[in-house]
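Trainee: I'm new to this one and would like a close look at a single part of it. Could you take me through the protein surface around one of the DNA strands, and then whatever connects to it?

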Protein chains: 2
Amino acid sequence: MANIKDIAKKAGVSVTTVSRVLNNHPYVSEDKREAVLRVMEEFNYQRNINAVHLSKGETLLIGVVVPFTNHPYFGLLVEGIANEAMKNNYKLVLFQTNYQEDREIEALKMLQHKQIDSLIICSRICEWDVINQFTEYGSIVLCEDARNRNVSSTFIDHYMSFSNALEYLHNKGHQKIGYCIGRKTGANSRQRGKAYADFLKRIDEPYKEEYIFYECLHFEHGEEVVRRLASLDNPPSALLVTSDFAAAGIVTSCREKGIHIPDDLAIMGFDNQPIAKIMHITTLEIPLVQMGRQLLLQAIDGKKHTHEEISVKLIERQTV
Amino acid sequence: MANIKDIAKKAGVSVTTVSRVLNNHPYVSEDKREAVLRVMEEFNYQRNINAVHLSKGETLLIGVVVPFTNHPYFGLLVEGIANEAMKNNYKLVLFQTNYQEDREIEALKMLQHKQIDSLIICSRICEWDVINQFTEYGSIVLCEDARNRNVSSTFIDHYMSFSNALEYLHNKGHQKIGYCIGRKTGANSRQRGKAYADFLKRIDEPYKEEYIFYECLHFEHGEEVVRRLASLDNPPSALLVTSDFAAAGIVTSCREKGIHIPDDLAIMGFDNQPIAKIMHITTLEIPLVQMGRQLLLQAIDGKKHTHEEISVKLIERQTV
DNA sequence: TTAAATTATGAAACGCATTTCAGAGCAAGA
DNA sequence: TCTTGCTCTGAAATGCGTTTCATAATTTAA
């Protein structure tokens with residue numbers, strides 16, 4: 001395959017001039033420019049991108065870390081990131097970690113090795129001290145409140161929004177409220193957990209372990225929740241479900257079992273995915289696509305660390 | 001940042017020796033190896049991957065083209081690809097095309113520019129003559145029957161499986177059968193369309209345009225299908241729905257409207273996603289994760305073109 | 001008309017690791 | 001003792017485009 005040298009020789013110019021043509025620099029006379037273009041055409045010249053990367057020290061590649069690609073929350077987030085990446089001529093390198101730390105570290109190492117220009121971590125398992133070791137190598141963007149950290153972040157105030165959601169249910173007359181969440185740990189989960197504990201204290205209700213359901217990510221997990229709910233002597237009258245799909249699964253399972261919603265059980269979803277609209281699920285809208293967009297912009301603009309709080313909106317429908 | 005030369009100098013060896021240490025070549029004496037490792041440690045040496053890429057002419061990056069990341073079909077497929085990529089030390093570059101041809105071409109161009117070693121196209125919009133222009137630059141793997149083409153492929157026989165599904169419904173007493181599908185064009189859609197047309201001929205039923213529903217991808221699209229169904233004078237008694245999520249949406253919408261399944265309307269899904277199990281939807285199992293795995297292996301093994309047919313399995317549940 | 005500013009062009013350095021080739025040293029086999 | 005055949009090492013070539021710097025040729029401004 002022809003390289004820049006071959007083109008230069010054939011066109012009777014220097015490689016510098018060819019490079020100028022390639023990069024649309026001014027200061028190339030019209031006739032030489034044309035000569036170069038003609039030869040490039042003739043040789044079907046393909047610029048070796050790796051040489052460009054080596055030379056420029058950048059790759060126009062941005063890493064995206066997600067625990068699962070196959071989850072509507074991350075699906076929408078990645079969609080937002082992908083769309084904005086396209087606009088800015090960046091490509092994405094996808095890291096599916098399944099929440100395995102070594103896989104997350106692999107992504108960080110790619111940043112370190114300059115194989116990607118920056119890294120967006122949509123959900124993290126690593127501790128901060130691990131991440132801190134890599135911040136010098138490129139911009140890292142988190143999807144959680146990281147205002148006091150050495151990275152950029154786009155986040156929603158999960159403490160506040162969870163508190164508000166609980167308050168909303170409480171105002172609707174619910175006292176016994178439980179919640180379903182994806183995982184126990186993780187910054188966002190902890191914020192929500194704290195909001196929950198504080199809320200219980202505020203309304204003077206005891207903390208009941210059996211009111212909390214973990215690993216609640218997908219539609220199909222709703223069934224298990226309803227089954228466990230049925231086994232409780234004193235079940236909650238309302239459930240905050242941090243995924244609309246899981247909420248939809250719960251609603252579906254309840255219908256099957258004759259549990260009436262919202263009278264027997266009130267359900268409040270999160271995200272405002274399309275399924276929530278169809279199934280008339282009251283939910284807290286989280287603008288995931290917009291967040292993805294913002295994450296990418298922060299990743300590109302690696303110079304300074306910025307922090308964007310995104311606000312959520314309660315969408316009232318028929319499950320509360 | 002230190003480079004291989006600095007390390008060599010400091011360790012008192014040649015760059016060749018450092019390179020040997022880096023690549024675990026034999027023929028390096030123990031003392032020199034240790035000296036090199038010590039200096040690398042001291043300098044916190046990071047190998048410049050782009051230089052490696054340039055030198056080796058490969059990137060260990062594989063492109064994955066999907067129309068949408070946020071769709072359970074592609075979600076599972078990508079999950080399979082991602083898992084296998086991990087095992088083989090490859091990383092993925094994600095291209096979300098939204099079925100825009102220029103975006104697909106961008107991916108092909110990255111192959112051409114050797115920025116990725118090979119390309120997996122999970123669903124294509126480009127014509128063959130476009131793809132053919134790029135086959136020389138690296139291995140291209142398709143997720144459709146491409147046995148007579150210059151690429152590798154992993155596919156299921158959509159004609160056969162669609163025919164069998166239709167036959168199954170027919171045997172259950174259905175004569176008026178319609179189907180829902182993601183898009184009109186595309187190799188797989190055409191195969192299914194042909195199977196449908198042939199089936200109608202076989203059972204001597206007229207082809208009714210209004211029995212076919214396009215753009216049926218997500219749960220929420222089920223509602224629209226049911227609405228349109230209700231407006232038909234002579235609605236089908238059974239529906240083949242090429243996505244379990246859409247099928248689930250239809251089932252849900254029918255329940256709301258009091259349409260009884262399977263008596264008033266039989267539904268058969270595709271993929272056997274978890275949601276199908278929970279909602280007791282009869283479906284055709286497509287082993288997407290396994291397919292993803294296979295696609296990646298073919299992408300890596302770029303030497304020869306192979307073609308793998310994956311078989312499907314009917315899962316009988318309660319919607320037919 | 002002269003000084004200053006533009007435009008145009010190329011040689012060479014730079015980014016960095018891999019790989020080929022040549023050669024030295026040493027041990028095993030004939 | 002001589003020949004093979006390993007083991008070990010490094011110089012130099014290779015992959016390829018970008019960028020800096022120096023210089024020449026024109027224009028424009030003064």
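Mentor: Helices here are DSSP runs of H or I with at least four residues, strands are runs of E with at least two, and both are numbered from the N terminus. Keep in mind that this is a predicted model, where local features need pLDDT of at least 70, side-chain atom pairs count only at pLDDT 80 or more, and totals for chains, interfaces and linings use all residues. Residues are numbered from 1 along each chain as its sequence is written, chains are lettered from A and ligands numbered from 1 in the order in which they are written, and side-chain values use heavy atoms, with hydrogens and water left out.

Now for the residues themselves. DNA strand D is surrounded by 25 residues, and the closest are A:Ile4, A:Tyr45, A:Ser55, B:Tyr27 and B:Ser29. A residue counts as near if one of its heavy atoms lies within 4 Å of the strand. Of the atoms of DNA strand D that come within 4 Å of the protein, sugar and phosphate make up 60%. By class, this surface has ten nonpolar, twelve polar and three charged residues. In that scheme Ala, Val, Leu, Ile, Met, Phe, Trp, Tyr, Cys and Pro are nonpolar, Asp, Glu, Lys and Arg are charged, and the others, Gly among them, are polar.

Zoom in on some atom pairs. The side chain of A:Ser55 has an N or O atom 2.7 Å from a sugar or linking oxygen of DNA strand D. For A:Asn48, a backbone N or O atom sits 3.3 Å from a phosphate oxygen of DNA strand D, and from chain B, a polar backbone atom of B:Ser14 is 3.2 Å from a phosphate oxygen of DNA strand D.

Next, look across to DNA strand C. Sugar or phosphate holds 61% of the DNA strand C atoms within 4 Å of the protein, and bases hold the rest. A polar side-chain atom of B:Arg47 is 2.7 Å from a phosphate oxygen of DNA strand C, and a backbone N or O atom of A:Ser29 is 2.7 Å from a phosphate oxygen of DNA strand C.

Finally, strand 2 (residues 91-96) of chain A pairs with strand 2 of chain B in the antiparallel sense over three bridges; pairing needs at least two bridges found by DSSP. Within that pairing, A:Leu92 stands opposite B:Leu94.

Terms used. Polar contact = N/O pair within 3.5 Å; in protein donor to acceptor, adjacent residues only side chain to side chain.
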